[in-house]
Amino acid sequence: MRVLLLGANGFLGRFVADRLLADPAVHLTALGRGDDADVRFDLAGGSPGALTRFLDAVHPGVVINCAGTTRGGARELTRHNTVSVATVCEALRRSGCGARLVQVGCASEYGPAQPGSSTAEDAVPRPGGPYGVSKLAATELVLGSGLDAVVLRVFSPVGPGTPAGSPLGRLAEAMRRAMQTGDGELKLGGLGVQRDFVDVRDVARAVHAASLSAAQGIVNIGTGRAVRLRDAAAVLARVAGYAGSLHELDAPSRPPLPAAGGMASIVAQRGESAPDQAVPPVHPYPDGCGSWQQADVRTARDRLGWRPRINLEESLADIWMEAACRI
């Protein structure tokens with residue numbers, strides 16, 4: 001099976017590539033903007049005609065789109081998350097390859113949910129920020145394209161490679177610095193939100209399964225269990241061996257910091273830190289997901305035969321291992 005992977009160098013794309021390369025039945029081609037891509041092409045700026053000619057030459061059976069961005073203003077988000085998908089859909093419509101499209105979406109498309117509820121695929125999306133809007137627009141383009149296509153709405157991905165600017169990435173970095181300097185107290189804020197954390201390697205398995213399935217429409221990818229960020233912080237402290245105390249600040253009194261993959265803000269800082277020891281600032285990222293998100297994952301189970309395998313403690317241990325090795 002010939003598979004064309006878009007966005008192979010991103011957080012999710014790297015693991016999707018590894019998963020596909022482990023399948024001897026897959027012949028993988030990576031297309032992207034980086035020098036290490038098999039083929040260089042800018043989806044946000046390239047023409048559908050150029051991409052169509054490439055599709056006709058390679059003739060993939062599946063196109064997987066992990067490309068996109070979580071940062072920037074509305075214009076940049078629209079270019080990389082929406083315009084790029086319009087280019088892919090138009091090129092596939094023009095091409096004679098007849099490839100199946102697997103589009104990786106996100107839970108930010110749903111926006112906030114009622115605490116205690118599980119969000120199913122038929123929920124009315126109400127994204128709370130430009131990122132969610134740009135991803136929702138991409139989903140609508142895919143669903144309205146007439147292609148053989150499925151959209152995987154990934155909830156909050158974690159695990160190895162978690163971006164340093166994400167809530168758990170920032171927390172791990174703050175904890176590393178506290179342990180390095182012997183600080184006995186770590187001050188944290190904004191830990192009351194609850195998110196459905198799913199390991200990035202399980203996401204890669206879901207993408208692989210979707211590429212082989214006949215499922216169409218939207219499929220949620222999560223664990224079906226929301227976890228409070230303060231509980232995740234306690235687990236991270238345990239796996240890190242941090243013996244100090246975690247002091248939670250009142251979230252409303254602290255300026256919110258950005259989140260990635262649909263997670264809410266977290267502030268992680270040490271008490272009387274010197275400026276050169278403070279956690280670096282992160283560019284604003286509009287989360288728009290409120291205090292609660294939890295996936296209804298029955299469709300993934302029934303239509304993809306997929307279930308998450310990796311628990312949150314293992315994901316957090318991998319995040320900590322990378323943070324601890326950082327100089």
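This is a predicted model: local features need pLDDT of at least 70, side-chain atom pairs count only at pLDDT 80 or more; totals for chains, interfaces and linings use all residues.
## The packing of helices α3 and α4

Helix α3, which covers residues 74-94, packs against helix α4, which covers residues 130-143, and the angle between the two is about 10° while their axes lie 9 Å apart. Because angles under 35 degrees count as roughly parallel, α3 and α4 are therefore described as roughly parallel to each other.

On the side of α3, the contact is made by A74, L77, T78, N81, T82, V85, A86 and C89, and these meet P130, Y131, S134, K135, A137, A138, L141 and V142 of α4. When the residues of this contact are sorted by class, 11 are nonpolar, 4 are polar and 1 is charged.

The structure holds 13 salt bridges, and a few of them are described here and under the next heading. In one of them, the side chains of R153 and E109 meet with a distance of 2.8 Å from N to O. R153 belongs to strand β6 (residues 149-154), whereas E109 sits in the loop between β5 (100-106) and α4, so the pair ties together parts that are 44 residues apart in sequence. Are these two residues buried or exposed? R153 is buried, with a relative accessible area of 1%, and E109 is buried as well, with a relative accessible area of 0%.

A salt bridge also joins the side chains of E313 and R238, where the distance from N to O is 3.2 Å. This pair links distant parts of the chain, since E313 lies in helix α9 (residues 312-324) and R238 lies in helix α7 (residues 229-240), 75 residues apart. E313 is partly exposed, with a relative accessible area of 38%, while R238 is exposed, with a relative accessible area of 51%; the cut-off for calling a residue exposed is over 50%, so R238 falls in that class.

Technical notes
Residues are numbered from 1 along each chain as its sequence is written. Side-chain values use heavy atoms; hydrogens and water are left out. Axes are lines fitted to C-alpha atoms, for helices over the stretch in contact, and angles run from 0 to 180 degrees between N-to-C directions. Helices (H or I, at least four residues) and strands (E, at least two) are DSSP runs, numbered from the N terminus. Angles under 35 degrees count as roughly parallel, over 145 as roughly antiparallel, 65 to 115 as roughly perpendicular and the rest as oblique. Contact means heavy atoms within 4.5 Å. Ala, Val, Leu, Ile, Met, Phe, Trp, Tyr, Cys and Pro count as nonpolar, Asp, Glu, Lys and Arg as charged, and the others, Gly among them, as polar. A salt bridge is a side-chain nitrogen of Lys or Arg within 4 Å of a carboxyl oxygen of Asp or Glu. Buried means under 20% relative accessible area, exposed over 50%, partly exposed in between (1.4 Å probe, protein chains only).
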